[in-house]
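Hi,

Here is the structure I promised to pass on to you. Have a look at it first, then read my notes below.

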Amino acid sequence: MSLNRIVTSSARQPDGAVTLDDVRAARDAIRGVASETPVIPCPELSERAGVPVSLKLETTQPTGAFKLRGAANAVARLSEKQAARGVVCASTGNHGRAVAYAARQREIRAVVCLSSLVPAAKVAAVEAMGGTVRRVGRSQDEAQAEVDRLVAEEGLAEIPPFDDPLVVAGQGTIGLELARQVDDLASVVVPLSGGGLIGGIAVALKALKPKVRVIGVSAAAGPTMFESLRAGRPVAIDERPSLADSLGGGIGLENRVTFELCRRLVDDIVLLDEAEIYRAMRFLFEKARLVTEGAGAAAAAAVLEGRIALTAGPTALIVSGNNVDMTEFLAVVSGRPVRIGDADVIG
Ligand SMILES: *Cc1c(COP(=O)(O)O)cnc(C)c1O
């Protein structure tokens, strides 16, 4: 699939729902819980792209993914009363893990509702962070119904995975760090699902450095934000399973924050097929010695496959997470096929 130029936003001001000040406040709120992450150069991708390419390693967060930033910000802002009752979320893993970890840091209760389809490695990972996992149903909708019940009946506070101003502001702290860490930053390439990550980064970077291009990368197996932007409103689409399982899930038909942010601030979106994601996971392990999950390798895939013209200059790729099933990861890095849904994927 070719590069899809869908939005040519020149918005100078961030969306009203989340501002640079919100992101700066989040930076102070999450200090000591989420880490400032390193940026490393990637010579192989730099050579391929013809511009300096660096990797922002969200894999070094204590939970292995950037979602800790948003969760830590939301947990930090709870009133004492809300904190006493605890927090709840429905998540495919990385968000649940982040909520559990952030709640434990504040010594409050966290319940994570997961459908029975979430991979075993991710369930164990949430439990390892101190969260109480409740497995319900076979879909995200059923897990969400349990969240709604716990909020209504037990007064827990829901921490959403992306469509929330505090969560978006937390993810945006990556943008503040990049503005400082990468000289003459011209482009940032960001894995995109619900849009909390790219939305937050775009708010910060477009305010600090308006010329920076913000490019999203989604799995062709489930490009909900891409299709929603094309339709001009949030839509639901049929998804297929993906090696980048963290990029699955809808954006919510009642989306309040991230759809509008993406509409205004995202410059381009690239869609990846499964073999491209597979090759990037393998590449990052072989060349940069990094363990990544499919979503974590997505930005690298877009550059590796020559899917983005990066002539503008220094480019940062968000390596968003490393929570991958070890058997699956070992198959990928050994060049063996992996079963995704009812298909065998190989690079
Ligand atoms: C959640 C997630 C994403 C996508 O983030 P959104 O805010 O939903 O767009 C990308 N990579 C990883 C590893 C994730 O966990």
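**Around the ligand**

The ligand has 16 residues around it, and Lys67, Asn94, Ser193, Gly195 and Ser320 come nearest (a residue is near a molecule or strand if one of its heavy atoms lies within 4 Å of it). Before you go on: this is a predicted model, where local features need pLDDT of at least 70 and side-chain atom pairs count only at pLDDT 80 or more, while totals for chains, interfaces and linings use all residues. Residues are numbered from 1 along each chain as its sequence is written, and side-chain values use heavy atoms, with hydrogens and water left out.

Which atoms touch the ligand's oxygens? Lysine 67 has a polar side-chain atom 2.7 Å from an oxygen atom of the ligand. Glycine 194 and glycine 196 use the backbone instead: a polar backbone atom of glycine 194 is 2.9 Å from a ligand oxygen, and for glycine 196 the value is also 2.9 Å. These are polar contacts, meaning pairs of N or O atoms within 3.5 Å. On its own the ligand has 380 Å² of accessible area, and the protein covers 97% of that (Shrake-Rupley method, 1.4 Å probe).

**The mixed sheet**

Now for the strands (DSSP runs of E, at least two residues; helices are runs of H or I, at least four). An open sheet with mixed pairing is formed by 6 strands, in the order β1-β2-β10-β7-β8-β9; two strands pair if DSSP finds at least two bridges between them. At its edges are β1 (39–41) and β9 (268–272), each pairing on one side only. Strands β7 (187–191) and β10 (315–319) are parallel, with 3 bridges, and valine 189 has leucine 317 in β10 as its bridge partner. Helix α9 (196–208) lies across β7, β8 and β10, at about 160° to β7. Such angles run from 0 to 180 degrees between N-to-C directions, with axes fitted to C-alpha atoms, for helices over the stretch in contact (heavy atoms within 4.5 Å).

**The parallel sheet**

A further open sheet has 4 strands in the order β5-β4-β3-β6, with parallel pairing. Why is one side of β5 (132–135) and of β6 (157–158) left without a neighbour in the sheet? Both stand at the edges with a single partner strand each, so there is no neighbour on one side. Strand β3 (87–90) pairs with β6 over 2 bridges, and valine 88 stands opposite glutamate 158. Helix α5 (94–105) lies across β3 and β4, at about 170° to β3.

Cheers

Conventions
A polar contact is a pair of N or O atoms within 3.5 Å; within protein, one must be able to donate a hydrogen and the other to accept it, and residues adjacent in sequence count only if both atoms are side-chain atoms.
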